[in-house]
Amino acid sequence: MAAGEPCAAAGMKEDFEIIDKTQVPDTAELKNVEKEKEEAKWSAPILSLAKKASENLALSYGSALKSAASLVADGSGAAELTARHHAMEERANLMNMMKLSIKTLIQSALSLGRTLDSDFPPLQQFFVVLEHCLKHGLKAKKTFIGQNKSFFGPLELVEKLCPEASDIATSVKNLPELKTAVGRGRAWLYLALMQKKLADYLKVLLDHKHLLSEFYEPDALMMEEEGAVIVGLLVGLNVIDANLCLKGEDLDSQVKIKFKYNQDEGITAVLDQKHYVEELNRHLSCTVTDLQNKIDCLEKTNSKLQEELAAATDRIGSLQEEQQQLKQQNELIRERSEKSVEVTKEDTKVELDTYRQSRQGLDEMYSDVWKQLKEEKKIRLELEKELELQIGMKTEMEIAMKLLEKDTHEKQDTLVALRQQLEEVKAINLQMFHKSQNAECSLQQKTEAISSFEGKTNEMMSSMKQMEERLQHAEKARQAAEERCNKMKQELASRLDTCRQQMSQLDSKCSTLEKELKSEKEQRQTLQRELHREKDATSLLKTELEQMEGLKKELRKLQDEKQQLEKVLIGVELGKFKMHGHTWLKDDEATHCKQCEKEFSISRRKHHCRNCGDIFCNTCSSNELALPSYPKPVRVCDTCHTLLLQRCSSNSS
């Protein structure tokens, strides 16, 4: 009993391990470490990571060359040496090709400034190089048809290692157009690039190289450090947005693409691994926050365990006191039995009969003592069972604490995701607000330009009408003069005989008429010149009118865009009103102002109140106030304006 109890106490102490608080870092120290990491985010990590990668590659190449030199010195394994050297060259060439293809893809995508499709040449080049990298060092699998090499086998492992990739695997399997493993692998790569998780999935594969050894040779690119460098380069592709259509494309056939590279461009590993370093810093910050949460949970569990340990020690002390009491009772019983034995030894010689009677009493006492010993053994067994139950309760508590930690982590992740979605919605609202303001400004400018052009065209048309009227008057005068001349000639022909005396007068009149004709001809020539000038002006006006028509078309496009933006803003505002519990009244439902009850027309436009959602005219909704759901002051009706001002005054008082 006495020997077993200290052992049980020692076992309990070994189960409950106390964490020293001095070894746990404080939150202030962790924050200082995070600040130092953020300050050295752009300068030190990129250079250090690039140096480490280059040093590791140099060491691997140096070790390979040393082993090759030793094999040559021994005079054995020449074929193995050439194979290793050839594999090293292939890995280096594939890594350089991958760097260059990723660099050209990112530069061309950023210069293009839109989502990429499957017909984009740099994207096709990237997929061809990535396919060659995944095929390097693949083991040939024997089937009924023959030997088969496909890189879709390693990609299927991602579904087991990362449950998030199950959607890609199911969508690839559901495509009926894919008949070969190569086509399925290409479709898998397309979907992973569209999800921006290609680097994450390949990193999961590289972390489990014992599984990749079933598919790749030891000298393969995915089994060496070049694979990790390529995965780091693939992180930079998260900047690109791709929209690749898998239906209708022949992914099973062979792809042939010509590569064109400039020889002047140098391959720099430091710049290519910038995005990889940013991803590492993001993961490190996440792990630091997780460690802080774990430390807090461990401190809480440590305090709880200390309390349980104190209660257990109290129980052990009480059990030890009971054990000491039992020991004292045993000692008293032994002393009594020894005294009785001495008395019986002295009285044996004198009184044998009394000895027999006393022997019966002693037998009864012995049976009582034996019963007490059995009861003590039972009590000890019960205590051991209680200790085992306490140990089981401890393990159950640990399992429950782990489950609670998992639940808290999942809830924190969902909270972070919801906050990010709220920030994105706010940013979209701000962008739409700025776009609507810019569109209104451009519309005002273009309407002013159109009004000025219309005034000019009206002035030119009026001047054209005046010039046409002048031409008509001149032609009428010329016709009248010709008619007069004809009449005078007839009269002269009839009166030649009678009016020879008046010839001098008639000659003078003819000279005057000829002068008038010359002047009229000169006026006609000037009018023709003015007509040519006006025709040129009209041609210019026609070109300006064509420009005006183009501007009107642009104005219509801008009006359509404005209507689309207004619809989007109305949808956003409807979502906000639904969030606040208000109803947004549609334009078709309101024909009169809610406050003054005047009918809406072209001059009296409709305006929504951003607080209640009803439709008012401009006079009844000319006030503006800053609401909690909008970053800037927005239009509010008169009733909401007074109510909000009363609320603000009551809150301030």
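**Close-up 1. A salt-bridge network joins E131, K135 and R186 in the predicted model**. Within this network of E131, K135 and R186, the side chains of K135 and E131 meet with an N to O distance of 3.1 Å. K135 and E131 lie four residues apart in helix α5 (residues 121-135), and are therefore separated by about one helical turn. K135 is partly exposed, with a relative accessible area of 34%, whereas E131, at 9% relative accessibility, counts as buried.

**Close-up 2. A salt bridge connects E554 with K446**.

**Close-up 3. K594 and D614 form a salt bridge between two loops**. Their closest N and O atoms are 2.5 Å apart; K594 is in the loop between α15 and β3 (607-608), while D614, 20 residues away, is in the loop between β3 and β4 (615-616). K594 is exposed, with a relative accessible area of 53%, whereas D614 counts as buried at 16% relative accessibility.

**Close-up 4. Acidic residues form a negative surface patch**. The patch is made up of E331, E335, E338, E342, E346, D347, E351 and D353, and helix α13 (residues 274-348) gives the most to it, with six residues. E342, which is placed in helix α13, is exposed, because its relative accessible area of 52% exceeds the cut-off of 50%.

How values were computed
Residues are numbered from 1 along each chain as its sequence is written. This is a predicted model: local features need pLDDT of at least 70, side-chain atom pairs count only at pLDDT 80 or more; totals for chains, interfaces and linings use all residues. Side-chain values use heavy atoms; hydrogens and water are left out. Patches are made of residues with over 30% relative accessible area and no salt bridge: like charges are joined within 9 Å, nonpolar side chains (Val, Leu, Ile, Met, Phe, Trp, Tyr) within 5 Å. Accessible areas come from the Shrake-Rupley method with a 1.4 Å probe; for residues, only the protein chains shown count as cover. A salt bridge is a side-chain nitrogen of Lys or Arg within 4 Å of a carboxyl oxygen of Asp or Glu. The place of a charge is taken as NZ of Lys, CZ of Arg, CG of Asp or CD of Glu. Buried means under 20% relative accessible area, exposed over 50%, partly exposed in between (1.4 Å probe, protein chains only).
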